[in-house]
Amino acid sequence: MSEVKKVSVRIGEHDLVLETGKIAKQANGAVYAHYAGSAVIATVCCGSAPSEPLDYVPLQVEYNEKYYAAGKIPGGFLKRESRPKDKEILVSRLIDRPMRPLFDKAFGREIQIVPTVVSSDQSNTPDIIAMVAASAAVTISDIPFAGPVAAVRIALIGDQYVVNPTFQQIGQAKLDIVVAGTMDGITMVEGGAKEVSEEVMLTAIDTAKPVISELCKVQLELQKIAGKEKLPVMEIKEDLSWMTPVREAAYPLIKEASFVKGKMNRYAALDAAKEKINAQFADLIAEEQKRAGQVAGMFDDLEYTILRKSILDDGLRTDGRTVEQIRPITCEVGLLARTHGSALFTRGETQSLAVTTLGTTSDEQMFDTIDGEKSYSSFMLHYNFPPYSVGETGRLTTGRREIGHGHLAQRALEAVVPPKDKFPYTIRVVSEIMESNGSSSMASVCGGCLSLMDAGVPIRKPVAGIAMGLITEGADYSRYVVLSDILGEEDHLGDMDFKVAGTEDGITAFQMDIKIAGVTSEIMSKALQQAKRGRMHILGIMKDTLAAPRAEISEYAPKILTLKVEEDKIGAVIGTGGKTIKGIAQQSGAEVNIDDDGTVTIFGRNNASAQLAKDLVKSIVEEPEVGRIYQGTVKRIMDFGAFIEILPGKEGLCHISKLAKTRVNNVNDVLTLGQVVPVKLIEIDRMGRLNLSYIDAITDQEQKK
């Protein structure tokens with residue numbers, strides 16, 4: 001049996017321990033990481049041999065949580081873990097994003113990282129443990145890796161920044177972010193906040209830096225005592241001198257095409273330029289089969305160089321904007337007649353059709369995870385990215401990108417959505433991306449906010465989002481330009497994708513991916529301040545369209561009414577075996593729920609349905625009131641009068657003398673069995689008996705007319 005190698009480091013209130021050599025020894029690298037009562041086994045494997053040279057890293061990250069980790073059995077019909085939950089997909093993305101740039105494309109083998117949560121104390125978050133364990137497994141493996149990387153969660157509770165907070169502490173936090181990086185600097189930040197300032201965000205990131213450094217150091221210690229020799233990277237030495245005339249001829253054509261206005265027009269111009277060069281040098285390119293691919297790579301390099309040079313030297317972008325200029329924005333609300341709320345938000349060539357639907361408590365999203373007891377959410381945002389949004393064909397699926405972008409937009413809006421006790425609706429926002437050329441997730445924030453207001457959801461403040469970019473030059477990044485409202489190609493060819501959403505008063509969601517090491521605090525501060533100016537500009541345009549939530553919700557939305565009954569009347573509302581409350585629901589068409597404290601919540605398909613159910617509940621619990629007119633039902637007819645039910649289970653006598661102003665010889669001449677008639681309660685005698693008058697009720701009603 002191989003020797004177990006172990007290292008540890010103190011993080012927060014506990015030691016994070018990394019072990020290898022006991023579990024999953026056939027993997028290229030495996031680490032068992034545990035922190036307090038939570039533990040993760042992270043493994044990494046790669047293909048047995050290199051494939052053809054690739055222009056991307058074939059990396060898969062499959063974070064998964066086992067229910068047994070928390071002593072639970074999966075809910076539902078199938079009693080085993082199946083498709084990944086949204087949370088597992090989101091954590092897989094958190095692990096993937098800071099690690100992917102550190103693998104060499106020339107390695108040419110598939111790589112799969114599988115962090116598995118095997119123990120959860122339901123107090124300490126396993127995702128951070130998994131991120132560190134995944135990096136440690138790759139670091140000690142034989143797979144080439146320019147790491148290690150590490151991650152830490154920072155929460156702001158009161159005025160204190162807490163490292164790796166517990167679930168309970170996160171619930172109390174004003175800010176909750178995950179920060180990842182290397183020994184050289186921060187490479188990823190993601191999280192949400194309750195309108196914190198840019199300065200608070202920067203301080204939180206600075207708090208994470210020394211912890212990340214310690215976590216990287218401990219991984220290097222483990223590598224020293226247990227690391228494997230790294231596999232070779234394919235060395236590709238090519239004589240590309242033949243390409244010099246091709247490059248010289250292509251440069252002016254690619255440069256001209258790169259500044260054609262309009263995404264599709266620009267793409268067409270670039271394609272035409274490439275076709276012209278391929279035709280001009282067809283014989284030279286055909287001399288070797290691989291030259292066509294090399295020329296395609298050369299075109300990409302030229303676009304990269306031209307775009308970055310134009311921005312750094314001239315402050316000019318491919319669509320003609322300056323570095324801080326926002327694309328033209330248009331907003332429209334209420335464009336879908338039968339939805340509860342809708343908005344069309346267009347920024348340049350990115351467009352989101354956002355739709356809000358209001359539902360009842362039965363529509364809440366249930367989460368069954370290992371983090372604790374089952375939980376429910378009354379607010380959700382779903383993001384769809386159909387292939388036609390970029391002019392392509394493809395399958396309509398929900399992939400990891402859709403889950404991640406939707407989560408970011410939901411986090412941005414959650415901070416302003418009213419609590420359930422003040423707005424007892426379940427809220428679903430769907431963002432359909434109609435066009436895309438840069439930051440459709442931030443368009444979803446803006447469109448989603450407008451659709452919420454159009455639906456009459458009383459959000460506290462409007463929220464807008466913007467995506468920022470970065471172009472740098474030099475080893476020390478002393479020369480740089482921050483870009484506002486980036487295009488898709490600026491995201492692809494730039495050094496940073498930086499999304500910030502918030503209100504006029506602060507940040508509510510934050511996501512940053514950096515492709516270079518060692519971005520300075522100066523650059524981050526400038527990017528945040530520039531993002532704030534852009535956010536204010538967008539909020540101004542949104543407010544010109546719809547300044548505040550509509551006063552009333554849509555007539556097509558379900559109506560929710562509440563009332564409170566005395567606790568000793570709860571049984572009367574429910575009835576034997578639930579007979580009474582079921583009868584109310586059947587008669588009114590509304591859903592009726594009653595809590596242990598006597599709170600009755602009524603969900604009606606429309607206002608009339610909800611109001612009828614409310615009246616029926618009130619009729620059960622209210623006491624008869626002398627002088628009030630009731631709509632009563634004739635239950636029994638006697639020679640001396642009629643017994644009429646004015647409230648459920650409460651009958652009164654309408655004496656024959658109270659049926660008309662003139663003498664009545666037969667009660668049946670005026671009333672029939674089962675007839676609903678207005679009657680006035682004129683007396684409750686000493687025995688508690690109810691005396692009613694039909695003629696007084698008729699007289700009172702006529703006088704009111």
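In this predicted model, Ala 24 is placed in the loop between strands β2, residues 14–20, and β3, residues 29–35. Its backbone deserves a remark. Most residues other than glycine have a negative phi. Ala 24, although not a glycine, has a positive phi of about 55 degrees. The residue is partly exposed, with a relative accessible area of 34%.

Ser 439 is buried, because its relative accessible area of 12% falls under the 20% limit.

I turn now to a peptide bond. Most peptide bonds are trans. Gly 147 and Pro 148, however, are joined by a cis peptide bond, with omega at about 5 degrees. Pro 148 belongs to the loop between α2 and β8, the latter spanning residues 150–157.

Helix α2 itself, residues 126–140, meets helix α4, residues 198–226. Their axes come within 9 Å and cross at roughly 35 degrees, and the crossing is right-handed. Which residues make the contact between α2 and α4? From α2 come Val 132, Ser 135, Ala 136, Thr 139 and Ile 140, and from α4 come Leu 215, Gln 219, Leu 222, Gln 223 and Ala 226. Of these residues, 6 are nonpolar, 4 are polar and none is charged.

Let me continue with the aromatic side chains. The structure holds 5 aromatic pairs. One of them, Phe 103 with Phe 145, is tilted, with 4.9 Å from centre to centre and 40 degrees between the planes. This pair links distant parts of the chain, 42 residues apart: Phe 103 is in the loop between α1, residues 86–99, and β7, residues 111–119, while Phe 145 is in the loop between α2 and β8.

Another pair is formed by Phe 640 and Phe 643, whose ring centres are 6.4 Å apart. Their planes stand at 90 degrees, so the pair is edge-to-face. Phe 640 is partly exposed, with a relative accessible area of 38%.

Methods. Residues are numbered from 1 along each chain as its sequence is written. This is a predicted model: local features need pLDDT of at least 70, side-chain atom pairs count only at pLDDT 80 or more; totals for chains, interfaces and linings use all residues. Side-chain values use heavy atoms; hydrogens and water are left out. Axes are lines fitted to C-alpha atoms, for helices over the stretch in contact, and angles run from 0 to 180 degrees between N-to-C directions. Helices (H or I, at least four residues) and strands (E, at least two) are DSSP runs, numbered from the N terminus. A crossing is left-handed if the near helix is turned anticlockwise from the far one by less than a right angle, and right-handed if clockwise. Contact means heavy atoms within 4.5 Å. Ala, Val, Leu, Ile, Met, Phe, Trp, Tyr, Cys and Pro count as nonpolar, Asp, Glu, Lys and Arg as charged, and the others, Gly among them, as polar. Buried means under 20% relative accessible area, exposed over 50%, partly exposed in between (1.4 Å probe, protein chains only). Rings of Phe, Tyr and Trp (its six-membered ring) pair if their centres lie within 6.5 Å; planes under 30 degrees apart count as stacked, over 60 as edge-to-face and the rest as tilted.
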